[in-house]
Amino acid sequence: MLHAVFGSLSRSRWVARLLFRFDLPSLPPGGHYFDVTTLALLKASRLIPAGASVLDLGTGSAALIALSLWRRGCRVEAVEIDAGVADEAERCIRRQGAHLPLRRANLLEGAPSDTEFLLFNPPYVPTAVAERRGLPDAYRSQWDGGPDGTRVIAAFLDALEAHDGCPTAFLGINGRHVPRARVEALVAERPGLRLEDVVSERLLGVQVFVLSSGRSDPVSPAATAAGAAEGSE
Ligand SMILES: C[S@@+](CC[C@H](N)C(=O)[O-])C[C@H]1O[C@@H](n2cnc3c(N)ncnc32)[C@H](O)[C@@H]1O
């Protein structure tokens with residue numbers, strides 16, 4: 001029931017405009033503007049200082065997090081793997097007149113080594129769960145997390161560990177699909193990564209994992225500590 005209500009809110013252009021204060025175009029059938037993790041990451045993104053260089057990984061149809069950071073004066077690059085979703089995101093970006101490049105790429109392929117922060121709301125719904133719910137095949141890249149929901153999460157952690165730079169990464173995961181302990185275990189399996197913090201958004205059921213490469217101090221640790229004031233454990 002709650003799921004259905006949230007689903008229709010997330011498809012409403014009016015609700016998205018109210019929440020994000022952008023004049024958004026309508027999306028094709030089956031598209032949605034945001035999910036619970038978008039909201040948690042949007043909140044986490046307020047810890048990022050103006051002027052920082054940020055990657056919005058898997059920017060999605062409406063590029064909402066990228067646009068919000070751009071509006072706050074960050075140097076943002078959006079990345080998207082799905083060609084159709086990238087076209088929709090570009091439409092949204094153009095509509096705002098935003099100076100914000102969008103790169104079509106897989107995860108951190110080609111990501112600049114001086115990236116200071118990155119945010120990712122990966123597809124994490126286990127395939128069988130999503131198919132039971134009838135999530136649209138055309139938007140599979142947005143939800144399909146593989147058999148247990150961790151396929152893209154694990155690939156992302158590998159890419160972050162191998163990345164040349166030392167960005168602070170905010171990884172948002174809906175704990176109803178992939179439990180916190182499972183994500184923590186995946187991080188612990190990768191000695192090149194350090195879990196700096198976990199911010200729990202209990203109302204949304206989402207955890208934001210704050211990660212660094214472990215090679216150096218994360219960018220702006222004070223900022224993540226400030227975020228810990230609310231809801232982190
Ligand atoms: C759950 S949606 C999140 C969209 C948006 N960032 C948000 O928070 O609402 C996941 C997005 O990541 C993209 N994506 C999935 N796998 C990816 C990959 N390997 N590299 C880049 N983007 C990817 C999907 O196409 C989709 O747009």
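Start by selecting R21, which lies in the loop between α2 and α3; helices (H or I, at least four residues) and strands (E, at least two) are DSSP runs, numbered from the N terminus. The model is predicted: local features need pLDDT of at least 70, side-chain atom pairs count only at pLDDT 80 or more, and totals for chains, interfaces and linings use all residues. Residues are numbered from 1 along each chain as its sequence is written, and side-chain values use heavy atoms, with hydrogens and water left out.

At R21, check the backbone: phi is near 60°, a positive value in a residue other than glycine. R21 is exposed, with a relative accessible area of 62%. Buried means under 20% relative accessible area, exposed over 50%, and partly exposed in between (1.4 Å probe, protein chains only).

Next, select F20 and F34. F20 belongs to helix α2 (residues 13–20) and F34 to the loop between α2 and α3, so their pair ties together parts that are 14 residues apart in sequence. The ring centres are 5.8 Å apart and the planes lie at 50°, so the pair is tilted. Rings of Phe, Tyr and Trp (its six-membered ring) pair if their centres lie within 6.5 Å; planes under 30 degrees apart count as stacked, over 60 as edge-to-face and the rest as tilted. F20 is buried at 2% relative accessibility, and F34 is buried with a relative accessible area of 2%. A search of the whole structure finds 3 aromatic pairs.

Now show helix α3 (residues 36–45) with helix α4 (residues 64–71). Their axes come within 10 Å and cross at roughly 20°; axes are lines fitted to C-alpha atoms, for helices over the stretch in contact, and angles run from 0 to 180 degrees between N-to-C directions. The two helices α3 and α4 are therefore roughly parallel to each other, a label for angles under 35 degrees. To see what touches, select T38, L41, L42 and S45 in α3, which meet I65, S68 and L69 in α4. Contact means heavy atoms within 4.5 Å. By class, this contact of α3 with α4 has 4 nonpolar, 3 polar and no charged residues.

Then move to L107, in the loop between β3 (102–104) and β4 (117–120). Phi of L107 is near 50°, again a positive value in a residue other than glycine. L107 counts as buried at 13% relative accessibility.

Finally, zoom out. The protein chain has 10 helices and 7 strands, and of its 233 residues, 53% count as buried.

Terms used:
Angles under 35 degrees count as roughly parallel, over 145 as roughly antiparallel, 65 to 115 as roughly perpendicular and the rest as oblique. Ala, Val, Leu, Ile, Met, Phe, Trp, Tyr, Cys and Pro count as nonpolar, Asp, Glu, Lys and Arg as charged, and the others, Gly among them, as polar.
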